[in-house]
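Q: Please show me how to read a model such as this one, feature by feature. Start with the packing and then go on to the charged pairs.

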Amino acid sequence: YTPSLNDGGGIKRVLELITFRYGLCSTVFCRNQEICDRILGVSNRRVEVIDGILNSENVRAAHESVRKDSPRSEYVTDDEKLLVFVGRLSAVKNVPATVRTLAALPDSFHLVIIGDGPERESIRRVVDENGVEDRASLVGELAHERALGLIAVADALLLPSEVEAYP
């Protein structure tokens, strides 16, 4: 949760203060220690910091340690572009949008879909229906460091989610 707790007023701040002080929840989750401290100042609820899906320090470390030709070279040549999606293959993640985007791009673009979930087979059908079987790879779940490595060498990370807790 990213609250609007600040020095200003406004109805949103009033509603948040009421929620944090009198809400029915037993725990408030927030993104960082600064926000956690702000909430603790107005609430007697338990407040916990939760990390996002990607830890920025891990992403930086992966970027610095990955050679530009590996693992990129498993999917594209030097003249091609690598697009990556990482996430649960569920309807809310809107993965078919990445496939349709790929289909609209030149043949030099390739898409790697990392993850698994209930929509895997329907995404495979969308790949087939759009005729991009040779440019889209559904690789399933990968080890965290390997996924970070692919993100680090990608030309673009696609995030087509309809709802995302950590955009």
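**Reading the packing and the charged pairs**

A: The buried residues of H4 pack against S3, S4, H5 and S5. Keep in mind throughout that this is a predicted model.

Q: Which residues of H4 are buried?

A: Val95, Ala97, Thr98, Val99 and Leu102 are the buried residues of this helix. H4 itself covers residues 95-104.

Q: How are S4 and S5 paired, and over how many bridges?

A: The two strands pair in the parallel sense, over four bridges. Within this pairing, valine 112 stands opposite serine 137 of S5.

Q: What kind of unit do S4, H5 and S5 make?

A: Together, S4, H5 and S5 make a β-α-β unit that is right-handed.

Q: Which residues of S5 lie on its covered face, and which on its uncovered one?

A: The general idea comes first: in a regular strand, side chains alternate between the two faces of the sheet. In S5, the covered face holds Ala136, Leu138 and Gly140, while Ser137 and Val139 make the uncovered face.

Q: Where is leucine 142 found?

A: Leucine 142 is in the loop between strand S5 (136-140) and helix H6 (144-153). Leucine 142 counts as partly exposed because its relative accessibility is 27%. Leaving aside neighbours within four places in sequence, leucine 142 is in contact with Ile114, Ala147 and Leu150. The C-alpha atoms of leucine 142 and aspartate 116 are separated by 9.5 Å, and the two residues are 26 residues apart along the chain.

Q: How many salt bridges does the structure hold?

A: In general, side chains of opposite charge can pair when their charged atoms come close. The structure holds four salt bridges. One of them joins arginine 46 to glutamate 48, with 2.4 Å between the closest N and O atoms. Glutamate 48 counts as partly exposed, at 28% relative accessibility.

Q: With which residue does arginine 72 form a salt bridge?

A: The partner of arginine 72 is aspartate 155, and the closest N and O atoms are 2.8 Å apart. Arginine 72 lies in the loop between helix H3 (56-65) and strand S3 (81-86), and aspartate 155 in the loop between H6 and strand S6 (156-157), so this pair ties together parts that are 83 residues apart in sequence.

Q: Is arginine 72 buried or exposed?

A: Arginine 72 counts as buried, because its relative accessibility is 12% and the cut-off for buried is under 20%. Aspartate 155, at 40% relative accessibility, counts as partly exposed.

Q: What is the distance between the closest N and O atoms in the salt bridge of arginine 135 with aspartate 107?

A: In this salt bridge, the closest N and O atoms of arginine 135 and aspartate 107 are 3.7 Å apart. Arginine 135 lies in the loop between helix H5 (120-129) and S5, and aspartate 107 in the loop between H4 and strand S4 (109-114), so the pair ties together parts that are 28 residues apart in sequence. Arginine 135 is buried, with a relative accessible area of 7%, whereas aspartate 107 is exposed, with a relative accessible area of 60%.

Q: Which residues make the nonpolar surface patch?

A: Ile11, Val14 and Leu15 make this patch, which is about 300 Å² in area. Leucine 15 lies in helix H1, residues 11-22, and counts as partly exposed at 49% relative accessibility.

Methods: Residues numbered from 1 in each chain as written. Predicted model: local features only at pLDDT ≥ 70, side-chain atom pairs only at ≥ 80, totals over all residues. Heavy atoms only, no water. Buried < 20%, exposed > 50% of the residue type's maximum accessible area, 1.4 Å probe, protein only. Contact = heavy atoms within 4.5 Å. Salt bridge = Lys/Arg side-chain N within 4 Å of Asp/Glu carboxyl O. Patch = residues over 30% accessible without salt bridge, like charges linked within 9 Å, V, L, I, M, F, W, Y side chains within 5 Å. Areas by Shrake-Rupley, 256 points an atom, 1.4 Å probe, with all protein chains shown as cover. Pairing = 2+ DSSP bridges. Right-handed = clockwise from strand over helix to strand, strands pointing away.
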